[in-house]
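Take a moment with the sequence and the 3D view below.

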Amino acid sequence: MSLEYSITYKAENTYENWVHDAYWQFLIIPQLNRSQEFVEVDFRNSINAINEHSINGYGFQTIRIHPKKKFKSISFIARFKLLKKDINPFDFEPEQDHEAAYKTIEALEFRVNHAIFLKTTPFTAVPSKKLNLYTFNKEYSIFENLQHLNRWTSEHLLFKTDVTDVYSTLDEVLQKRQGVCQDFTHLFCALARLNGIPTRYISGYLHQGNGYFGDSQMHAWAEAYIPKIGWVGFDPTNNILANSNHIKVAHGKDFKDCSALKGIVYSIGTNKTRHSVEVQSTDQ
Amino acid sequence: MENIENQIFSSYQRNPLLFDEIFDQGGEVKDVYAKLFKLYGEHSINDYVKLNDKAKASFFNQGITFQVYGENETKEKIFPFDLFPRIIDPQEWKVIENGSIQRSKALNSFLWDIYHDKKILKQGIVPIDLINSSVNYLDQMIGVDPPGGIYNHISGTDIIKHNDGQYYVLEDNIRCPSGVSYVICNRTALKRALFGVFNHYQTHTVTNYAENLLELLETVKPKGVDSPNVVVITPGMYNSAFYEHSYLAKTMGVELVEGRDLFVENDFVYMKTIRGPEKVDVIYRRIDDAFIDPLEFRADSALGVPGLFSAYKKGNVTLANAPGTGVADDKAVYTYMPEIIKYYLDEEPILNNVHTYHCSRPDELKYVVENVEKLVIKPVDEAGGYGISIGNRLTRDEIETVRKQVKENPRKYVAQPIMSLSVHPTYIDDSESFEQRHIDLRTFTILGKDREFVLKGGLTRVALKKGNLVVNSSQGGGSKDTWVLKE
């Protein structure tokens, strides 16, 4: 069964002074994958600058704008229509041999192949005194441990906006024990990686119809690699597995690799920026 | 100390513990310098001083200057030049040249491997942690095939001669190595001042560098391009090597641009010209990775070109050197060079590596901490000779400080035995005579598609401060013309 979603992404920028040159790069197009299929992409801006479709350093689709005339304000609106397959996140063979699986992840070949998602980055660095904050119990399977970690993370932090910002490190998050989806995800990624599990940061959209935590911005969750199973999505903000309400845009090591909008604006003075995201299921 | 009989060398003091490039242990002039020694001997020290001033003036007149970054101010200086050339005989040169090529090729294979199959890491020959912890490894380069398969198009290899008479490599510089313009300008200045002397030797030319660089850059053009448009990109006139950037662009006959002169449209790179946009195919970039594209790397970079990395990733433009090359220029990777050469080329290293202690290994850290006074301790990621501690020059307090720094952050440091750099007679203004000064050599190797070139010469740097071992130009070093003799 497929669900049809309609997603609207809006961004508005106003500047105190004329902007003579600017570049924006949007990383907001849903990824095409085995559970996501496109119907429509529509992207417009208020000054009719041309959209350039490209890829970023990690191979994800981007839209770049480089206006050819000066302006003081510019707004963007993107509309995506998407078919999302309703795949049961538990639909895989459970791991039989726990010991073999743990041996696999400890092997050098595995650690080299997955090095990029095992690395510590500034956003996923656990303070050195807390390196044993969460240790896997090897009597359970990797999947079970990740599920426990997902629950643990969701309980360890309290969802609260405006406590942290996009620059917050885990040191700060762990002291405040509050944050938003980005912080929950960084913590989950960091702890899973410390236990030897390749884990990537996912940026995307969340359909909030079911009362999930998120906000009117983009959502973040994680994907962890389990030998013989592959990448499995975990949403530690909501203590659930990623499901048909999670629409993936991009992945990376942390938030920095996935930021939805990057802008290089040559102007002086102050500016204001506003974003909003709306996800609607057209079947409802 | 012994004095040498020759008018301009009458007060030359020879320290028998040091390897002198022109005098052997018995104080005799080596064959290769004999003619030069005789010719110089016909002059008085006053003649020499006049000639030296003339040569210096030629540098000022050509505007060959560089900047030294100080704590409070930045100064523009001329690179001190010494008229007494260094001579390398053909047999020794062959070793240096073959060794430089060998290292460049091995590093290129290493870079390809760590961004593709990662075999050397999977076999545990080079530890994966070394790559994981390197800020110069770019995840964005994984799986990217640079045009022509080349990463380190331009390498600067720093080589010294130890007191055992053997050459050792100290560093492989493969980010944006500079200095080649001085090689060529030194030759020009020397020829102007001492044309008569120069003509007595059959010396290889160094003025063919730019044409070879251009030719080799053209071999790594993007697919589908017939005759590539090459440019040199510079961070601008405030960069310490700006003179070199403009010199290379001028002598290659290509445009010198800054980031703001280029733009990217639909993943192709264009240069703004008065005739309209002109497509650019190959960029010899003298800007560090972090600054080349503010949309992909440091967003605060005003030096780069937004979208440049996407254009590169799509194969529409060549960047020389390739992004991510700096990971192999890490001083910790250096220590694995003998293994890297054997692994990819199945050859024995032609040039020696200096034995290196990794402070990241507990037993080696212990040795380093206990023997600071016998070692040179270097941070793994600083260029330009900054942050280096030479153990036998430190006070007790300084030794303690170094111990503390190393223990706090072992991954950041490597240590090597103190090498005794060879010395060369060098004219010293203050004493108005020739004195022994330590020297090294930077060779310049260019890799193209199925082609390579080593400049037959190189930059001989001189530590002008008495007893100083750091020959870097930003640390008060000078340079000498380097003659590679024809067979």
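This is a predicted model: local features need pLDDT of at least 70, side-chain atom pairs count only at pLDDT 80 or more; totals for chains, interfaces and linings use all residues.

Begin with two strands of chain A, β3 and β6, the latter covering residues 71–85: they pair in the antiparallel sense over nine bridges.

Four strands of chain A form an open sheet, and their order across it is β3-β6-β1-β15, with antiparallel pairing. Which strands are the edge strands? They are β3 (36–45) and β15 (271–281) of chain A, and each of them pairs on one side only. From one strand to the next, the twist averages 10°.

The sheet can now be placed in the division of the chain. Chain A is split into domain 1, made of 2–85 + 259–281, and domain 2, made of 98–258. The C-alpha centres of domain 1 and domain 2 of chain A lie 26 Å apart.

How many residues of domain 1 of chain A are in contact with domain 2 of chain A? There are 21 of them, and they are in contact with 19 residues of domain 2 of chain A. On the side of domain 1 of chain A that touches domain 2 of chain A, β1 (2–19), β6 and β15 of chain A each supply at least two residues. The largest share of that side, five residues, comes from β15(A). By residue type, this side of domain 1 of chain A divides into 13 nonpolar, seven polar and one charged.

Last comes the chain as a whole. Chain A has six helices and 15 strands. Its radius of gyration is 20 Å, close to the 19 Å that the globule rule gives for 284 residues, so chain A is as compact as a globular protein of that length. Along its principal axes, the C-alpha trace of chain A spans about 60 × 45 × 35 Å. Of the 284 residues of chain A, 38% count as buried.

A final figure concerns how contacts relate to the sequence. Consider the contacts in chain A between residues at least 6 apart in sequence: 75% of these join residues at least 24 apart.

Technical notes: Residues are numbered from 1 along each chain as its sequence is written. Chains are lettered from A and ligands numbered from 1 in the order in which they are written. The radius of gyration is taken over C-alpha atoms; the globule rule is 2.2 Å times the number of residues to the power 0.38. A residue is buried if 20 or more other C-beta atoms lie within 10 Å of its own, exposed if 12 or fewer, and partly exposed in between; C-beta atoms are placed from the backbone. Two residues are in contact if their C-beta atoms, placed from the backbone, lie within 7 Å. Two strands pair if DSSP finds at least two bridges between them. Axes are lines fitted to C-alpha atoms, for helices over the stretch in contact, and angles run from 0 to 180 degrees between N-to-C directions. Domain bounds come from an automatic or database domain assignment. Ala, Val, Leu, Ile, Met, Phe, Trp, Tyr, Cys and Pro count as nonpolar, Asp, Glu, Lys and Arg as charged, and the others, Gly among them, as polar.
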